[in-house]
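Me: I am new to this structure and would like to learn how to read it. Could you walk me through it, one feature at a time?

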Amino acid sequence: LGKRIKDAGLLLMLDFHYSETWADPAKQWTPSDWLSMSNDQLYTKIYEYTKDCLEQMNAAGASPDFIQTGNEISYGMMWGAKGSSASRCYMGSEANWPRFTTLLKQAGKACREVCPQAQIIIHIERVAQPNVIVNFYNQMKNKGVDYDIIGLSYYPYFHGNLNALETALNTVENTFDKPIQIVETGYPSKYAIGGSTFDYTSTYPYSQEGQRKFTEDLITLLKNHPRVNVLSWWYPEAN
């Protein structure tokens, strides 16, 4: 698939989850084969794993243009066994940021060595909490993490209306000198997403027209933010 994307002249994004299942802010569990490793061993392993994956993609003619070193890693990644909270990162606590950012540095090192043309994205999803966004990327800056692009998820049914996104983008643009990508967004055309916490149906009904109008208004908003250079729709076949 990656080679077909490249052959079509399109840009390819690779998203490392560094987990045995889909990783999101609540599911950043260390792969079971890595659970017995010390932190120093994990630093080596994430470098070697990332390097090997990228070398295989290069060999297959599918070199990525963008690489996300982790998926929605607002509170860190590779926390340990399922259910563990010992290695999570929290605003207001310095306890686990050095470990987390060392993992990111090692992953980024492999990206720079194997795919120097690719841009590295650091991806979180706290659009509803601009203060958390600022704290997170300040940690990246203060700990010397090498990356190119701030990546954000925005799902209105979790994060609020378009004004919430506007506030988050203004905050990021006023604080950090990085390009921004909305690496995940989506809006239903048929039914509510499980776990939804915000109802936007009075403005955008769950219909093809509601979905179309949401997308149109989102694009209009993003055009007012020239540092936002990519918008990616997640799981378009769902509904």
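Me: Where does Gly-83 lie?
Reply: Let me start with what we are looking at: this is a predicted model, where local features need pLDDT of at least 70, side-chain atom pairs count only at pLDDT 80 or more, and totals for chains, interfaces and linings use all residues. Residues are numbered from 1 along each chain as its sequence is written, and side-chain values use heavy atoms, with hydrogens and water left out. Helices (H or I, at least four residues) and strands (E, at least two) are DSSP runs, numbered from the N terminus. With those names in hand, Gly-83 belongs to the loop between β2 and α3 (97–114).

Me: Is Gly-83 buried or exposed?
Reply: The general idea is a cut-off on relative accessible area: buried means under 20%, exposed over 50%, and partly exposed in between (1.4 Å probe, protein chains only). Gly-83 has 61%, so it counts as exposed.

Me: How many residues along the chain separate Gly-83 and Trp-29?
Reply: They are 54 residues apart along the chain, and their C-alpha atoms are separated by 8.1 Å.

Me: How should I read the sheet, and in what order do its strands come?
Reply: Strands of a sheet pair through backbone hydrogen bonds, either parallel or antiparallel. The rule used here is that two strands pair if DSSP finds at least two bridges between them. In this model six strands form an open sheet, ordered β1-β2-β3-β4-β5-β6, with parallel pairing. At the edges are β1 (13–16) and β6 (228–233), each pairing on one side only. From one strand to the next, the twist averages 25 degrees.

Me: Which strands pair with β5?
Reply: Strand β5 covers residues 180–185 and pairs with β6 in the parallel sense over four bridges. With β4, the parallel pairing of β5 runs over five bridges. You can follow individual partners too: Tyr-154 has Thr-185 of β5 as its bridge partner, and Thr-185 in turn has Trp-233 of β6. Another such pair is Ile-180 with Val-228 in β6.

Me: Why is β5 described as largely enclosed?
Reply: Six of the six residues of β5 are buried, so the rest of the structure largely encloses this strand.

Me: Which strands does helix α2 lie across?
Reply: Contact means heavy atoms within 4.5 Å. Axes are lines fitted to C-alpha atoms, for helices over the stretch in contact, and angles run from 0 to 180 degrees between N-to-C directions. Helix α2 (residues 39–59) lies across β1 and β2 (66–69), at about 155 degrees to β1. Helix α4 (residues 130–142) lies across β3 (119–124) and β4 (149–154), at about 145 degrees to β3.

Me: What does Ser-189 touch?
Reply: Leaving aside residues up to four places away in sequence, Ser-189 touches Tyr-206, Ser-207, Gln-208, Gln-211 and Asn-239. Ser-189 sits in the loop between β5 and α7 (208–223). Its relative accessible area is 10%, so Ser-189 is buried.

Me: How many salt bridges does the structure hold?
Reply: A salt bridge is a side-chain nitrogen of Lys or Arg within 4 Å of a carboxyl oxygen of Asp or Glu. The structure holds eight. In one of them, the side chains of Arg-112 and Asp-148 meet at 3.0 Å, N to O. Arg-112 lies in helix α3 and Asp-148 in the loop between α4 and β4, so this pair ties together parts that are 36 residues apart in sequence. Arg-112 is partly exposed, at 24% relative accessibility.

Me: Which salt bridge partner does Arg-212 meet?
Reply: Its side chain meets that of Glu-209 (2.7 Å, N to O). Both lie in helix α7, three residues apart, about one turn of the helix. Arg-212 is partly exposed at 40%, and Glu-209 is partly exposed at 45%. Asp-217 and Lys-213 also meet in a salt bridge, at 2.9 Å, N to O. These two lie in helix α7 as well, four residues apart. As for networks, salt bridges that share partners join Arg-112, Asp-146 and Asp-148 into one.
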